[in-house]
Amino acid sequence: MARDNRTAKGNFLENAWYPIAWDADLGSELLGRTIITKPIVLFRDDEGVIHALGGRCPHRFAPLARGKRVEQGIECPYHGLIFGSDGRCAVNPHDDIVPKTGVPVYPVYLRYGLIWIWTGDNDRADASLIPDFPFLEDPTFEYTCGTIYGAGHYELYSDNILDLSHAAYLHTGLNASAFLIGQRKFEQDGNRIWTRIFHPNDYASDVTSIICDVVDKKQDHWVDVRWDPPAAMTVTGLVADPGQPKDVAIQSPSLHIFTPESDEATFYFWAAAWPRRNDPVFADQVRAGFIHAFENEDKPMIKAQYELMGGDTFWDLQPVLLRGDAGGVKARRTLARLIAHEREQDNSPAS
Ligand code: FES
Ligand SMILES: [Fe+2]
């Protein structure tokens with residue numbers, strides 16, 4: 001039976017920007033990644049311009065990412081066809097070029113240090129649709145960032161961020177009970193969803209206290225989680241002396257974006273920012289703490305969840321819904337609606 005509020009397996013939003021790599025992770029070598037099951041090869045041309053092409057050679061389906069950069073483009077590692085940055089076969093060392101031989105070309109855009117790729121209709125690629133992460137361009141902040149690769153469906157990763165109450169149980173070393181006992185509100189503004197937590201006059205979680213330099217001080221503590229489809233989030237922790245307004249609070253914003261490789265695995269692009277200190281040791285501590293929590297606590301839990309789902313979809317398993325799930329459920333429903341709408345457009349006679 002078709003339901004309008006789930007994303008079935010193999011359903012991805014195609015007309016969307018997905019981070020595929022941090023700019024710093026693309027050197028002079030080819031980089032191959034699969035995004036929403038589409039194999040892609042990334043490279044820089046001689047001017048440093050980034051290109052994204054379909055990563056599967058149309059001859060015998062070899063991975064172009066294992067090939068090499070040559071003057072005309074990318075040379076397939078199997079039988080030597082060369083594809084230019086326009087996707088067309090530029091050289092066939094065996095014979096004349098077979099007409100129409102080529103690979104897809106994907107629009108790319110560099111923003112916030114991330115390489116974003118548009119996986120849908122090229123004509124609809126509009127860079128203004130990339131959500132804003134202003135703290136990554138604000139000199140009053142500094143940040144650390146990285147990429148984690150994990151098993152499991154990307155919506156389970158979004159759930160993880162949209163319901164931070166899990167920190168009280170899964171990240172027991174963080175003393176993050178404010179996420180569980182604070183007042184929680186859920187808002188929707190178009191396709192954007194907010195989960196907001198407010199916990200007054202108490203000790204903030206250890207991470208927020210350390211990053212905002214308010215250890216052992218009772219604070220009013222806010223956490224704003226923002227979700228944009230398909231799976232781009234910010235988490236902003238804010239602290240202020242009790243009774244002070246939110247707009248004077250010290251902020252610790254972070255980026256969490258989940259790019260599906262497939263239904264079964266996800267790239268997690270993250271960045272954590274704090275008011276500038278110019279202290280590399282502090283930066284290393286934040287980085288190590290973030291990676292520890294995610295690699296050793298969240299990621300194994302999401303993998304185990306996904307395995308126990310046994311290939312069923314989320315809604316088929318009739319999950320129990322708790323108070324903190326409202327943000328995740330709104331996100332799932334919004335994404336399912338957008339995907340269904342995209343499919344309808346694809347199937348309409350006019351398209
Ligand atoms: S598989 Fe690429 S040239 Fe044969
Ligand atoms: Fe977590």
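Reader: How many bridges join strand 12 to strand 18?
Author: This is a predicted model in which local features need pLDDT of at least 70, side-chain atom pairs count only at pLDDT 80 or more, and totals for chains, interfaces and linings use all residues. Residues are numbered from 1 along each chain as its sequence is written, while chains are lettered from A and ligands numbered from 1 in the order in which they are written. Helices (H or I, at least four residues) and strands (E, at least two) are DSSP runs numbered from the N terminus, and two strands pair if DSSP finds at least two bridges between them. Strand 12 (residues 141-151) and strand 18 run antiparallel, and the number of bridges that join them is eleven.

Reader: Which residue of strand 18 is the bridge partner of Cys-145?
Author: Strand 12 covers residues 141-151 and runs antiparallel to strand 18. In strand 18, the bridge partner of Cys-145 is Ala-271.

Reader: Through how many residues does a hairpin join strand 17 to strand 18?
Author: Seven bridges join strand 17 (residues 250-260) to strand 18, and the two run antiparallel. One bridge pair consists of Pro-260 and, in strand 18, Thr-266. The number of residues through which the hairpin joins strand 17 to strand 18 is four.

Reader: How many bridges join strand 16 to strand 17?
Author: Strand 16 (residues 232-240) is joined to strand 15 (residues 219-228) by nine bridges in an antiparallel arrangement, with Asp-228 partnered by Ala-232 of strand 16. Strand 15 and strand 16 form a hairpin with three residues between them. Strand 16 also runs antiparallel to strand 17, where the bridge partner of Leu-238 is Gln-251. The bridges that join strand 16 to strand 17 number eight.

Reader: How many of the residues of strand 18 are buried?
Author: A residue is buried if 20 or more other C-beta atoms lie within 10 Å of its own, exposed if 12 or fewer, and partly exposed in between, with C-beta atoms placed from the backbone. Strand 18 (residues 265-275) is mostly covered: of its eleven residues, the buried ones number nine.

Reader: Which element gives the most residues to the side of domain 1 that touches domain 2?
Author: Domain bounds come from an automatic or database domain assignment, and two residues are in contact if their C-beta atoms, placed from the backbone, lie within 7 Å. Eleven residues of domain 1 are in contact with eleven residues of domain 2. Strand 1 (17-22) and strand 2 (31-35) are the elements that give two or more residues to this side of domain 1. With three residues, the element that gives the most is strand 1.

Reader: How far apart are the centres of domain 1 and domain 2?
Author: The assignment places domain 1 at 19-128 and domain 2 at 133-341. Taken over C-alpha atoms, the separation of their centres is 33 Å.

Reader: Why is helix 1 described as largely enclosed by the rest of the structure, and how many of its residues are buried?
Author: Helix 1 spans residues 154-162, and its buried residues include Tyr-154, Glu-155 and Asp-159. Helix 1 is largely enclosed because, of its nine residues, the number buried is nine.

Reader: Is Pro-63 buried or partly exposed?
Author: Pro-63 is found in the loop between strand 4 (50-54) and strand 5. Not counting residues up to four places away in sequence, Pro-63 touches Gly-32, Pro-39, Gly-55 and Arg-56. With 17 other C-beta atoms within 10 Å, Pro-63 is partly exposed.
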